[in-house]
2 protein chains.
Amino acid sequence: MWVYLFEEGNTRLRSLLGGKGADLAEMTRIGLPVPPGITITTEACKKYNTMKQRFPDGLEKEVLEKIKHIEKKMGKKFGDPSDPLLVSVRSGAPVSMPGMMDTILNLGLNDITVKGLAKATNDERVAYDCYRRLIEMFGNVVLDIKRDKFERILEEYKHKLDAKLDLDLDAEALKEIAEEYKKLIKIEIGKDFPQEPYQQLFMAIRAVFDSWNNPRAIVYRKVNKISNDLGTAVNIQAMVFGNRGLDSGTGVAFTRNPATGEKELYGEYLMNAQGEDVVAGIRTPKSIDQLKAEAPHIYKELQRTCDLLERHYKDIQDIEFTIENDVFYMLQTRSGKRTAQAAVKIAVDMAKEGLISKEEALMRIEPKQIERLLHRRIDPNAEIELIAKGLPASPGAASGIVIFDVDEADKRGSAGEKVILVRMETTPEDIHGMVAAQGILTSRGGMTSHAAVVARGMGKPCVSGAGEVKIDSEAEKFMVGDITIEKGDIITIDGSRGYIIKGEVPTIEPELSPEIRELLGWTDEIRTLGVRTNADTPEGAERARMFGAEGIGLCRTERMFNAQDRLPIVQEMIMANTEEDRKIALNKLLPMQRGDFNEIFKIMDGLPVTIRLLDLPLHEFLPRLEDLLVETTELRLSGKDEEAFLKKTNVLKKVQTLNEHNPMLGHRGCRLGIRYPEIYEMQTRAIFEAATELAKENISVKLEIMLPLVGKASEISFLRQRIEDVAKRVMEEAGLKLEYMIGTMIEVPRAALTADEMARYAEFFSFGTNDLTQTVFGYSRDDAEAKFLYNYLNENILEANPFETLDREGVGKIMKICVDFGRKTRHDIEIGICGEHGGDPASVEFCHEIGLDYVSCSPFRVPIARFAAAQAKIKMDRSSANDSKVRFEQIDQ
Amino acid sequence: MWVYLFEEGNTRLRSLLGGKGADLAEMTRIGLPVPPGITITTEACKKYNTMKQRFPDGLEKEVLEKIKHIEKKMGKKFGDPSDPLLVSVRSGAPVSMPGMMDTILNLGLNDITVKGLAKATNDERVAYDCYRRLIEMFGNVVLDIKRDKFERILEEYKHKLDAKLDLDLDAEALKEIAEEYKKLIKIEIGKDFPQEPYQQLFMAIRAVFDSWNNPRAIVYRKVNKISNDLGTAVNIQAMVFGNRGLDSGTGVAFTRNPATGEKELYGEYLMNAQGEDVVAGIRTPKSIDQLKAEAPHIYKELQRTCDLLERHYKDIQDIEFTIENDVFYMLQTRSGKRTAQAAVKIAVDMAKEGLISKEEALMRIEPKQIERLLHRRIDPNAEIELIAKGLPASPGAASGIVIFDVDEADKRGSAGEKVILVRMETTPEDIHGMVAAQGILTSRGGMTSHAAVVARGMGKPCVSGAGEVKIDSEAEKFMVGDITIEKGDIITIDGSRGYIIKGEVPTIEPELSPEIRELLGWTDEIRTLGVRTNADTPEGAERARMFGAEGIGLCRTERMFNAQDRLPIVQEMIMANTEEDRKIALNKLLPMQRGDFNEIFKIMDGLPVTIRLLDLPLHEFLPRLEDLLVETTELRLSGKDEEAFLKKTNVLKKVQTLNEHNPMLGHRGCRLGIRYPEIYEMQTRAIFEAATELAKENISVKLEIMLPLVGKASEISFLRQRIEDVAKRVMEEAGLKLEYMIGTMIEVPRAALTADEMARYAEFFSFGTNDLTQTVFGYSRDDAEAKFLYNYLNENILEANPFETLDREGVGKIMKICVDFGRKTRHDIEIGICGEHGGDPASVEFCHEIGLDYVSCSPFRVPIARFAAAQAKIKMDRSSANDSKVRFEQIDQ
């Protein structure tokens with residue numbers, strides 16, 4: 001069978017009937033009033049191509065037979081001179097494919113039937129407009145005559161008759177234009193426009209088949225890795241007209257409000273009009289509510305249809321309909337685009353209505369949508385003056401004065417002004433300006449341009465590739481159309497949507513709606529992966545707990561060292577030349593650290609808190625070498641202040657001593673802890689003094705002490721001994737005993753590769769995937785993002801920034817090795833992740849797949865992580881066990 | 001059976017008879033004239049210990065019975081008043097164990113038998129000397145009386161009689177001393193020295209058993225992880241005397257010359273003397289040659305014995321012998337210590353004599369010995385004035401003026417003076433001084449001290465931990481005993497042997513003796529692992545080929561860029577702001593690069609040459625940021641030369657732009673090649689122009705083009721396309737076709753983890769284990785060796801410097817993964833290693849084990865690598881297949 005009636009197909013036959021054909025069949029199947037039609041299968045197309053552009057045997061006969069079905073349903077005949085059936089012909093491949101032939105309307109019109117149509121519709125103008133459109137479309141698509149040749153004829157007539165719009169042309173003019181079109185065809189191809197309707201039809205079918213192999217389609221398939229063997233289907237459908245009088249009409253509607261998610265019909269319609277009239281904006285369409293009064297039975301039909309559609313598709317639908325002589329027709333339905341807010345509300349409502357399960361509801365939301373709701377964004381009630389749109393390169397919203405010069409942006413931004421840096425594009429030389437800016441706007445470059453990559457890395461809003469924005473850097477202004485923005489003017493950018501807005505616009509803090517709270521509650525029922533937070537301040541801990549964090553997965557201690565009031569003491573400790581002097585400084589830090597932990601422990605009462613001992617290299621706490629070199633040279637040459645010079649030189653010498661070629665791979669983490677055990681001993685004491693103090697007030701935390709940058713099991717065993725000694729001493733002093741664990745970060749490949757050894761001394765692992773990505777790739781993140789990552793993304797060397805989304809192939813593989821080896825030694829070892837990937841949905845999914853116990857991420861990302869964790873669980877439960885096995889087969893072999 | 005006659009044992013019974021007992025039995029067994037004796041087994045000792053220090057049943061009876069055998073053989077009786085049999089009692093555990101009781105001689109003497117001995121030997125003095133020694137040893141070892149109490153009595157007598165040496169004491173004096181000794185014992189333990197010979201004997205046996213559990217022995221076993229359950233054996237052997245007249249004597253000999261390896265008896269002897277006389281230096285011993293004339297039948301016996309020993313032990317033997325009344329006795333034989341040179345000659349000679357196989361010969365040499373022969377070393381013919389000895393911390397020899405101050409060493413060393421830096425110990429602050437010095441001497445610290453680790457890393461000679469050297473840094477001098485060396489005095493250090501020598505000593509270039517050439521020839525027959533070299537100069541290539549390299553495994557191209565005459569052009573290329581300007585500079589470099597390759601290709605005619613495209617980050621070719629900061633500040637403040645200031649500022653800006661936080665993980669390697677494809681295109685052109693040119697002269701190389709720092713297969717495919725394009729173009733221009741391969745370094749973990757993907761585009765892999773070690777450990781080599789590696793080695797966190805010896809557990813595991821994955825995709829992919837580990841014997845062995853095709857190392861290390869490769873093959877063939885499987889089991893699971 002080469003041809004299917006719409007009644008014979010369904011949505012599952014996409015590969016045979018193409019996407020469009022399957023959808024039309026599905027709507028027909030569930031009883032919607034779809035104009036009748038037939039679909040020629042993709043198999044026919046394939047056969048046609050293998051047979052060197054010959055129709056397969058029986059195809060034509062089948063078409064002729066099945067068209068009778070359409071005629072019968074419509075009560076009209078194809079080619080009938082008095083009231084002809086007209087059809088549309090559309091291509092429809094199994095996957096959406098721009099570049100192929102799209103549509104020919106009004107097939108079946110010719111010099112004779114056009115008159116019948118005029119009479120039947122009682123509108124000669126409409127009839128001839130249909131006819132000249134058919135000739136133009138047919139001439140262009142089937143006969144391959146350039147469209148502008150037709151347009152030129154049309155323009156000439158409009159000029160001659162002083163007509164502004166097509167609509168100003170009357171029936172007579174259109175009749176003449178049709179004649180001119182036919183002449184054009186005769187001249188161009190030496191043949192007449194085919195008058196015989198079936199000839200028109202088979203020529204159109206052939207054109208659809210041929211369009212499968214046109215160059216644009218071939219390139220598109222190559223780029224998108226679509227097989228050349230799929231073929232396309234051809235849909236032939238009866239035309240219906242909404243402009244056949246006052247009992248006809250057309251409209252579009254959403255089954256729910258796509259902006260808010262409210263359950264209400266939402267849309268517009270026009271009576272006695274065609275689809276394009278609604279969009280063209282010449283007549284003002286009416287709100288769908290008004291249809292209730294104007295045509296209550298049609299409204300009822302629409303309501304019924306919408307209910308049916310939602311029950312069937314279990315999602316908000318975006319539909320097109322036409323009314324022809326009081327008969328309601330569905331032309332299209334598709335899943336409705338909606339705002340993030342609406343998406344959440346619709347999913348939650350539908351679940352509560354029993355339309356879908358909670359799991360389904362969760363799967364309906366993209367993690368990105370949750371993310372959008374969690375970024376500072378433009379107040380939706382604010383009036384905005386949109387200047388232009390670019391690419392949504394890095395989410396969030398920011399306002400500031402426009403600055404074009406990088407150095408100026410640096411200077412003014414650093415001085416506290418809010419600056420939006422505007423550039424054609426950015427380069428590594430611009431980093432300092434980007435750092436100082438609130439947001440970045442570029443007129444060139446895509447989602448993976450330097451600006452986009454770096455801004456995402458910095459967590460700053462960025463709009464890139466705003467082509468309409470014409471920058472005049474000499475004059476320090478930019479223009480969009482006739483709007484001019486000068487240096488110093490204030491603009492707002494919305495990096496989540498790509499908006500460039502004039503002036504300052506109020507932005508709002510992210511907040512959680514009741515629906516999102518409900519949805520997140522469901523994630524907790526479903527997910528098996530824990531979600532903790534990275535927090536090292538009481539504020540962060542508090543916010544994260546509010547957002548549903550189940551503990552702290554990473555409490556960095558170096559930020560505590562960096563505080564204004566402590567830095568001098570930390571520097572004193574570093575400048576100390578003996579262990580004794582170091583201990584004196586450390587003793588001053590002890591009560592401060594104890595205070596830090598005390599506050600955080602209180603907030604996290606009852607939950608685990610993973611504290612990472614000092615990780616930073618010591619020189620991070622001293623002035624920068626570059627600055628010191630300039631300052632000492634200045635002091636030396638001025639010769640005025642000998643004492644200051646000597647002091648500065650002393651610091652310079654220490655910094656030179658501590659300075660490293662590659663600090664990321666240098667003397668930090670546990671290496672420092674082993675070299676100067678007194679530092680970790682102080683920290684351990686602070687932790688246990690705080691914890692024992694609180695234990696007396698019945699506040700408890702699950703202490704997890706984490707060692708950074710471990711690469712060898714002996715590092716853990718060395719430090720473990722010392723930590724246990726101090727802990728024991730403090731607990732004895734306090735007269736009580738606390739449970740605690742000692743574990744390690746996994747952030748260098750060696751730790752992962754020797755996880756079996758590691759697990760002998762570590763009670764938990766936590767993947768530091770930032771550093772692990774750096775070491776597995778051999779990328780310094782700072783250098784890569786500033787220097788070559790954007791180039792790699794542009795050249796498709798990398799599919800994604802591995803610092804945003806976990807690289808499964810490499811980093812993921814070694815994580816899997818680590819989990820397997822670690823659990824071999826200690827089957828119940830707790831394994832988590834505390835790198836930034838812990839808040840990235842795709843990475844969270846991977847963490848679930850390899851069986852981690854929890855992810856830990858920044859407080860704002862906790863909801864996203866909860867959400868992604870639930871989705872991961874659902875996905876994995878759904879996918880066959882086989883599938884996930886295959887993915888790791890290569891590792892296990 | 002608790003007791004074995006020497007005739008009843010053999011060398012395989014070590015665990016039962018102890019090492020010494022088994023060796024004595026073995027000599028007896030093969031017919032050597034060993035003084036007769038018996039061995040009490042370790043089982044008896046164990047039983048003694050489990051039975052709370054009681055002799056096991058039957059032991060005493062067995063001793064009494066078997067001693068009869070000794071009496072019969074010697075024709076004397078134990079305790080016989082007229083001519084008593086005397087015996088020695090020695091401990092002998094299955095493994096050598098200092099800390100246990102060693103020896104009691106002359107057992108069987110008492111107030112009566114001593115007179116018999118005096119008569120029988122006709123030497124009263126000797127008899128009483130033997131007696132007083134027995135009392136002293138027995139008192140000390142068995143009765144636990146401090147030795148210095150006996151010594152004090154002896155000293156008093158010498159003082160009283162004005163005797164300088166023991167020998168100056170006559171029989172009468174010795175008799176009196178023996179009496180005093182006996183009185184001392186009576187006072188100390190309240191009992192008399194036991195006169196009954198059997199009582200002496202059993203007390204001595206008990207003392208040996210007890211010594212197994214003395215504190216020193218227990219500690220030694222704990223430290224060396226020796227089981228407490230082994231127990232010790234006891235050897236009781238007849239005493240023979242070389243001082244019984246002119247037909248008696250004693251001597252030591254080597255079966256071959258231990259210095260040169262020549263096949264000739266080598267040693268010394270003295271007639272009418274005891275062992276200690278030969279060593280004491282009072283009488284000058286005669287060369288063993290003279291024995292031929294003095295006692296031809298004894299010499300013949302000696303010769304026969306040596307032949308027998310070599311045939312039996314198949315190695316050079318170091319023996320002790322005694323002649324008693326014209327009877328030749330063997331007292332000891334052991335494998336002879338020899339110089340590196342001798343070791344090689346002996347092994348080769350023995351193989352040629354058919355004593356051992358070639359494989360055996362190869363296994364006899366330690367790779368370190370080969371290494372010693374390949375370092376610059378002190379001329380063996382030079383007269384040297386040894387000041388002191390320290391630890392051989394880093395091999396090689398160097399002379400220079402002594403400098404104590406690090407900054408001064410830096411200054412004078414940098415200015416061209418040859419400096420030996422002398423410090424108590426070094427710290428990271430001293431690096432600049434170490435860099436500028438020829439060699440380093442420290443008075444403290446071990447083989448893993450900072451100085452040792454850093455010096456080995458730099459390849460500089462170092463002697464560490466020379467405790468005798470007393471440094472006075474204030475006065476800038478050091479003293480050893482009464483020798484004083486002042487700042488500026490010249491010394492020579494030999495880091496291979498730990499020597500500190502006065503003045504400048506001639507050193508010699510390493511050279512290959514005929515024997516070593518022969519030995520290396522054998523390695524080529526045996527090994528399956530290829531050996532290539534790392535060379536980027538014609539000189540290096542030539543030397544390596546001479547040393548037997550089978551190709552170049554790594555030809556770095558950045559060194560070629562760094563040459564004096566090219567740096568300005570390279571800098572011009574870097575400072576260029578457009579691709580066009582860059583290409584202009586690159587075009588100037590093209591003929592130079594072509595010339596480089598041309599020369600190297602000529603030398604390597606017929607062999608593979610692996611050329612690595614540019615790897616270094618660009619800022620390495622520009623002035624240092626630190627210097628520029630100081631210089632621009634100076635120019636700015638002086639305000640004199642505006643033009644120079646601007647120019648310098650321009651360079652500074654570029655350097656700041658290019659500068660990276662972690663250059664090791666930054667914008668270098670293929671990342672640079674992808675960012676600026678024109679650089680690799682120029683290099684490819686140079687390579688193929690040189691190769692096609694030479695091909696016309698019938699000189700051919702097997703070209704292998706290698707990409708650095710690859711972490712993703714897409715990097716290879718991107719560059720591969722461009723390289724192939726250029727290669728094709730050049731070959732077309734030349735009108736000929738060359739075979740070549742394109743491959744990749746494996747130096748970041750991701751490359752290894754995704755080797756299956758890599759192998760789709762790479763025709764060969766080469767492990768860059770320097771960088772791979774850095775990334776797997778997360779160590780920056782420069783920072784680690786200067787900052788914390790020595791600490792890690794000292795604390796036993798690391799067993800070895802992973803940059804010297806490949807870390808099997810981590811780096812090795814990922815290499816194995818890489819080999820397995822790579823070969824899965826491309827089963828015949830060529831895999832080598834070009835990191836420095838390629839010249840380290842233990843690492844070479846690992847490379848053989850995991851099935852690499854070749855190792856590549858610096859020219860001087862080529863012989864060591866060939867040697868290590870052969871040893872690896874032999875070892876692996878010998879070890880059971882099971883064994884090697886177990887080692888990698890964890891990876892394969």
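Colleague: Contact means heavy atoms within 4.5 Å. With that cut-off, what percentage of the contacts in chain A between residues at least 6 apart in sequence join residues at least 24 apart?

Modeller: The model is a predicted one. Chain A comprises 37 helices and 33 strands, and its C-alpha atoms fill a box of roughly 110 × 65 × 55 Å along the principal axes. Of its contacts between residues at least 6 apart in sequence, the share joining residues at least 24 apart is 68%.

Colleague: What percentage of the residues in chain A is buried?

Modeller: A residue counts as buried when its relative accessible area is under 20%. Chain A has 893 residues, and the buried share of them is 58%.

Colleague: Is T633(B) buried or exposed?

Modeller: T633(B) is placed in helix 24 (residues 625-638) of chain B. Leaving aside residues up to four places away in sequence, T633(B) touches V630(A), T633(A) and E634(A). Its relative accessible area is 2%, and the limit for a buried residue is under 20%. T633(B) is therefore buried.

Colleague: How are helix 15 of chain B and helix 36 of chain B oriented to each other?

Modeller: Two packed helices are described by the angle between their axes and the distance between the axes. For helix 15 (residues 367-374) and helix 36 (residues 862-878) of chain B, the axes lie 9 Å apart and the angle is about 165°. Angles over 145 degrees count as roughly antiparallel. Helix 15 of chain B and helix 36 of chain B are therefore roughly antiparallel.

Colleague: Which residues of helix 36 of chain B make the contact with helix 15 of chain B?

Modeller: Helix 15 of chain B passes helix 36 of chain B in a right-handed crossing. Helix 15 of chain B contributes P367(B), I370(B), E371(B) and L374(B). By class, this contact has six nonpolar, one polar and one charged residues. From helix 36 of chain B, the contact residues are P863(B), I864(B), F867(B) and Q871(B).

Colleague: Which residue stands opposite G530(B) in strand 33 of chain B?

Modeller: Eight strands of chain B form a closed barrel with parallel pairing, in the order 26-27-28-29-30-31-32-33. Neighbouring strands of this sheet are turned by 25° against each other on average, direction ignored. Strand 26 (residues 530-534) and strand 33 (residues 854-857) of chain B pair in the parallel sense over four bridges. In strand 33 of chain B, the residue opposite G530(B) is Y854(B).

Colleague: At what angle does helix 23 of chain B run to strand 28 of chain B?

Modeller: Helix 23 (residues 579-603) of chain B lies across strand 27 (552-556), strand 28 (608-612) and strand 29 (702-707) of that chain. Its angle to strand 28 of chain B is about 155°.

Note on methods:
Residues numbered from 1 in each chain as written. Chains lettered and ligands numbered in written order. Predicted model: local features only at pLDDT ≥ 70, side-chain atom pairs only at ≥ 80, totals over all residues. Heavy atoms only, no water. Axes fitted to C-alpha atoms, helices over the stretch in contact; angles between N-to-C directions. Helix = DSSP H or I, 4+ residues; strand = E, 2+ residues; numbered from the N terminus. Parallel < 35°, antiparallel > 145°, perpendicular 65-115°, else oblique. Left-handed = near helix turned anticlockwise from the far one by under 90°. Nonpolar A, V, L, I, M, F, W, Y, C, P; charged D, E, K, R; others polar. Pairing = 2+ DSSP bridges. Buried < 20%, exposed > 50% of the residue type's maximum accessible area, 1.4 Å probe, protein only.
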